[in-house]
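The sequence and the structure are shown first.

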Amino acid sequence: MFEKFKRLFGELPDLFWIVAGIRFIDRLGGTILVPFFSLYITEKFNVGMTEAGIVLGLYALSGMLGQMMGGALTDRFGRKNLIIVGLVLSALSTLTLGLVNEYILLIPAAIFIGIFSDIAKPAHQAMIADIVTEKQRTDSFGVLRISTNLAWIIGPMVGGFIAGRSYFALFVLDAVLSVTVAILFFIFVPETTHRFDLDEMKKETLFETIKGYRIVFRDVSFAFFVVIGIVRNLVVHQLFDSFSVYLRDVHGYEAEFYGILMAINAAAVVLFQLWITRRVKQRAPFLMIALGTGFYMVGFGMFGFVSSTWLFIVGMLIVTMGEMVVMPIQSALAVSFASKEMIGRYMAVFGFVWMIPAIFGPYLAGLVFDNLNPNMLWYGSIVLTGIAMVSYVMMNQSVGKESRFEALIEK
């Protein structure tokens with residue numbers, strides 16, 4: 001693995017590694033805070049998970065709005081400045097959230113932080129697309145997946161230690177890291193949009209840029225791609241929303257076991273993501289993402305039929321295999337739908353594949369848990385991932401042979 005990483009280090013541009021390293025620091029800040037957000041809300045404001053769910057849902061909804069705003073601003077003004085502004089605003093909004101003392105004020109604060117936490121996401125993805133070639137995109141997104149999971153291994157441990165002493169300190173640390181990342185971007189990262197492209201962007205008004213979303217929504221193939229991702233991620237999101245509750249209430253496992261499973265997931269990605277990416281990127285991308293979705297179908301489906309510890313671990317490893325196949329490829333595919341002047345807006349809409357499941361997934365899972373056999377959640381996951389898998393195969397037949405997608409395959 002280290003030999004492959006060393007070889008990849010020489011293949012990808014130096015600027016990519018600078019951006020990836022800086023983004024790791026930013027991800028670390030998020031993973032220090034996010035896992036303890038629900039605990040913070042319920043403990044500080046003395047409310048239940050329903051009230052916490054409202055806040056989290058509004059946070060996700062406002063994040064979708066923030067991505068839409070950020071996509072247009074990215075295509076209008078470039079990448080670097082928006083990323084820096086987004087990081088500073090995110091730091092301020094995070095501190096605001098930590099200072100709120102009444103639940104009713106937590107709701108507008110969550111909306112505020114949701115918008116500014118996600119406003120720069122399209123710019124980050126567009127910057128990566130600027131830096132690397134089309135053939136390098138799958139590798140580059142694979143590396144970013146590794147850094148994200150490494151942050152998830154380190155961040156919650158640090159956050160847990162700090163949260164035991166002061167929740168507010170979590171908000172302060174996240175804000176400090178956001179400002180630090182903004183400074184590093186300002187010093188070390190140049191604007192990656194070419195000067196000619198920036199001049200062309202400035203010929204249209206911001207309103208005209210926003211109107212350009214009509215082009216994105218009229219791209220039938222891309223819209224279908226996003227809808228399939230939403231269907232699939234309604235299943236995947238249960239890993240974060242309902243799986244821990246299912247393990248506790250149905251099988252009697254303590255929270256520590258869920259933590260062990262998530263640690264296994266993150267560690268497997270860190271160790272094997274590059275190895276998996278190098279093998280799947282040389283094949284038809286839509287078929288590979290269908291294969292990864294098939295792993296999801298088997299892994300999540302297993303959760304509804306097994307009850308022993310080692311089989312839950314096997315199921316998690318199968319889910320992780322699907323994750324390692326799907327995630328880098330789907331990000332590279334999403335970029336490939338867009339022309340260079342539309343990347344920000346395409347990436348904003350691509351964000352729906354996570355934001356919409358984050359909004360509706362917990363509520364739908366709650367309906368199943370409260371009114372049906374909880375195992376039905378996993379039986380339903382087989383149906384949804386099966387539909388998604390067939391749909392990706394159909395996309396391979398309809399658009400997979402186009403040159404812009406074939407360019408992703410390294411012959």
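Is the crossing in which α13 passes α21 left-handed or right-handed? In this predicted model, α13 passes α21 in a left-handed crossing.

**Helix α13 and its partners**

The axes of α13 and helix α21 (residues 376-398) come within 8 Å and cross at roughly 155°. Because angles over 145 degrees count as roughly antiparallel, α13 and α21 are roughly antiparallel to each other. On the α13 side, the residues that meet α21 are Ser-221, Phe-224, Phe-225, Ile-228, Gly-229, Val-231, Arg-232, Leu-234 and Val-235. Their counterparts in α21 are Ser-381, Leu-384, Thr-385, Ala-388, Ser-391, Tyr-392 and Met-395. By class, this contact of α13 with α21 comprises 10 nonpolar, five polar and one charged residues.

Helix α13 (residues 220-236) also packs with helix α17 (residues 285-302), at an angle of about 25° and with the axes 11 Å apart. That angle makes α13 roughly parallel to α17. The crossing of α13 and α17 is left-handed. Here Phe-225, Arg-232, Val-235 and Val-236 of α13 meet Phe-286, Ile-289, Thr-293, Tyr-296 and Phe-300 of α17. Seven nonpolar, one polar and one charged residues make up the contact of α13 with α17.

**Helices α5 and α9**

Helix α5 (residues 80-99) and helix α9 (residues 167-188) pack at about 165°, with their axes 9 Å apart. This makes α5 roughly antiparallel to α9, and the crossing of α5 and α9 is left-handed. Among the residues of α5 that meet α9 are Ile-83, Leu-87, Ala-91 and Leu-95; those of α9 that meet α5 include Phe-171, Ala-175, Val-179 and Phe-185. By class, the contact of α5 with α9 has 17 nonpolar, four polar and two charged residues.

| Helix pair | Angle | Axis distance |
|---|---|---|
| α13 and α17 | about 25° | 11 Å |
| α5 and α9 | about 165° | 9 Å |
| α13 and α21 | roughly 155° | within 8 Å |

**Nonpolar cores**

The largest nonpolar core has 99 residues, and those with the most contacts inside it are Phe-16, Phe-185, Phe-222, Phe-225, Phe-243, Phe-300 and Phe-312. Helix α18 (residues 309-336) supplies the largest share of this core, 12 residues. A second, separate core of 24 residues includes Phe-37, Ile-41, Phe-45 and Phe-171.

Leaving aside residues up to four places away in sequence, Phe-222 touches Val-216, Ala-334, Phe-337, Tyr-346, Val-349 and Phe-350.

**Two individual residues**

Val-325 is found in helix α18. Because its relative accessibility is 2%, Val-325 counts as buried. Not counting residues up to four places away in sequence, Val-325 touches Ile-276, Val-280, Met-288 and Gly-292. Val-325 and Ser-398 are 73 residues apart in sequence and 21 Å apart in space, C-alpha to C-alpha.

Asp-130 lies in helix α7 (residues 121-131). With a relative accessible area of 29%, Asp-130 is partly exposed. Its contacts, not counting residues up to four places away in sequence, are with Arg-79, Thr-192 and Thr-193. The C-alpha atoms of Asp-130 and Phe-116 are separated by 23 Å, and these residues are 14 residues apart along the chain.

Technical notes. Residues are numbered from 1 along each chain as its sequence is written. This is a predicted model: local features need pLDDT of at least 70, side-chain atom pairs count only at pLDDT 80 or more; totals for chains, interfaces and linings use all residues. Side-chain values use heavy atoms; hydrogens and water are left out. A nonpolar core is a set of buried Ala, Val, Leu, Ile, Met, Phe, Trp, Tyr and Cys residues joined through side-chain atoms within 4.5 Å. Buried means under 20% relative accessible area, exposed over 50%, partly exposed in between (1.4 Å probe, protein chains only). Helices (H or I, at least four residues) and strands (E, at least two) are DSSP runs, numbered from the N terminus. Contact means heavy atoms within 4.5 Å. Axes are lines fitted to C-alpha atoms, for helices over the stretch in contact, and angles run from 0 to 180 degrees between N-to-C directions. Angles under 35 degrees count as roughly parallel, over 145 as roughly antiparallel, 65 to 115 as roughly perpendicular and the rest as oblique. A crossing is left-handed if the near helix is turned anticlockwise from the far one by less than a right angle, and right-handed if clockwise. Ala, Val, Leu, Ile, Met, Phe, Trp, Tyr, Cys and Pro count as nonpolar, Asp, Glu, Lys and Arg as charged, and the others, Gly among them, as polar.
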